[in-house]
Amino acid sequence: MIALVGATQLAMIGALLRVAGWLGVIQLANYVLAVVTLLVVTRAFGPSIFGTLATISALAAYVGLVVTFGLNLSGPRLVVRLRDSPDELSNALSTVACMQVLLGTMAAAGFMLVVSIVSPGSEYTLISAFIVLQACLTAITPDWAFLGLERMRDFAILQVVGRVLTTVCTVMFIHTSSDVLLYVEINAFAAAGIAVASIGVLRTKGIYWRAPKLEAIWQTIHDAAANFLSTASINLYTSTGVVIVNFILGPAAAGPFALADRLRNVVGNVTLPIITAIYPFVCRIAATPEAAEDEAWTKRIFFQGTLGLSAALSLGLFVFAPTIISLAGGAAFAEAVPILRILAAVPFLIALSNILGIQTMMPLGMDWHAMWIFATTAAIGVIGMFVSTDLFGLRGSAFSVLAIEVFVTITMIVVLQRRIDVLSLFINLQTWKE
């Protein structure tokens, strides 16, 4: 019996590692190529222009958030439930795609209206248009569908090829601040290529695109509302920092903050393949009350590995902050060093809150519990960011980001403890007691 359980556990780990492996390929490519791109654009544009682009991108991310509409959470669950029924899955994905186009059109129009009002100059209007186009195309790319279908190899190849071509073009053609428009054009066209190619690959997997009914679109919006509000709230308190810094302290200060924040995000995303790969798995076993102990054991192993790796990454970020900033931005971004050290603990806190919220509360059907936690955190976080930035400058902004992550993590522990023993997510309490 022990050998049989061991074989089952190994099979589960192997299946998850294969998915995580392909996600890791995507993440590694994004990590390496993002660093190369960062080295080019920070030196070509300087802190002020880089800070302005980061601010516009942060605003465009809200448009992408509307287009995604929580599908990074609800999408894999939908595909896992319907993947054995190709006809129903085709209808569902067609409905989702149509919903995204409608939402994206409205959100992009609103974005351009805001840009026309607050734009630092008319020359940024066209730049903003390409940035929001990239955000929409990236959001409509159905990576979550490939994850639910366990076809991440296909998507990984598309993603890596697209990213490599984008980076090559950036290195070849981006040299001075006059190349800003060309830079955003390169990124937008790359996003378009990946989106079109990924939809075409799904067609070869038996997914047929059909015109959905209006009622189906509305029902999809209704079903994904809680997850959308959760992701919107998360984005609000994790991505608004650079916008607030730019508003209060100006583009020159936003540049160092954006660099430090982007680097901690890149480092934190190292654990993303593990976190993403296990999500459909925990959704499936959460729907089965009689889930076997070997499945629970597999989940704990992945949770432990995620926390251990994220802790090591946070420590490395703190210790090597001066070297990292020097390599990424050069002497002009020296002010980002203390900011990065303050933000160093954030990757660990995000990994822990992801396990508690995304990986546990939502598979258990606690979508609205999670939404209220994220919404409360967003409200407190944005107000706190404004106050701390105004009073204490860049370091106040960084400490505010850290405090926000501590708050959301502690709140999740308190709420989740009412449903399950939080320690059981990481250790087998029955064995521990024995």
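Contact here means heavy atoms within 4.5 Å. This is a predicted model, in which local features need pLDDT of at least 70, side-chain atom pairs count only at pLDDT 80 or more, and totals for chains, interfaces and linings use all residues. Residues are numbered from 1 along each chain as its sequence is written, and side-chain values use heavy atoms, leaving out hydrogens and water.

**View 1. S94 and its contacts.** S94 touches Y208, W209, R210 and P212, with residues up to four places away in sequence not counted. S94 sits in helix α3 (residues 86-118). Helices are DSSP runs of H or I with at least four residues, numbered from the N terminus. S94 has 4% relative accessibility, so it counts as buried (under 20% relative accessible area, 1.4 Å probe, protein chains only).

**View 2. N187 in helix α7.** Helix α7 (residues 180-204) contains N187. Its relative accessibility is 13%, so N187 counts as buried. The N187 side chain reaches the backbone oxygen of Y183 at 2.8 Å. Beyond its neighbours within four places in sequence, N187 is in contact with Q134 and T166.

**View 3. Helix α16 against helix α17.** The axes of α16 (residues 346-361) and α17 (residues 367-417) come within 8 Å and cross at roughly 155°. Axes are lines fitted to C-alpha atoms over the stretch in contact, with angles from 0 to 180 degrees between N-to-C directions. The two helices are therefore roughly antiparallel (angles over 145 degrees). The contact of α16 with α17 has 18 nonpolar, five polar and two charged residues. Asp, Glu, Lys and Arg count as charged; Ala, Val, Leu, Ile, Met, Phe, Trp, Tyr, Cys and Pro as nonpolar; the others, Gly among them, as polar.

Conventions. Angles under 35 degrees count as roughly parallel, over 145 as roughly antiparallel, 65 to 115 as roughly perpendicular and the rest as oblique. Buried means under 20% relative accessible area, exposed over 50%, partly exposed in between (1.4 Å probe, protein chains only). A polar contact is a pair of N or O atoms within 3.5 Å; within protein, one must be able to donate a hydrogen and the other to accept it, and residues adjacent in sequence count only if both atoms are side-chain atoms.
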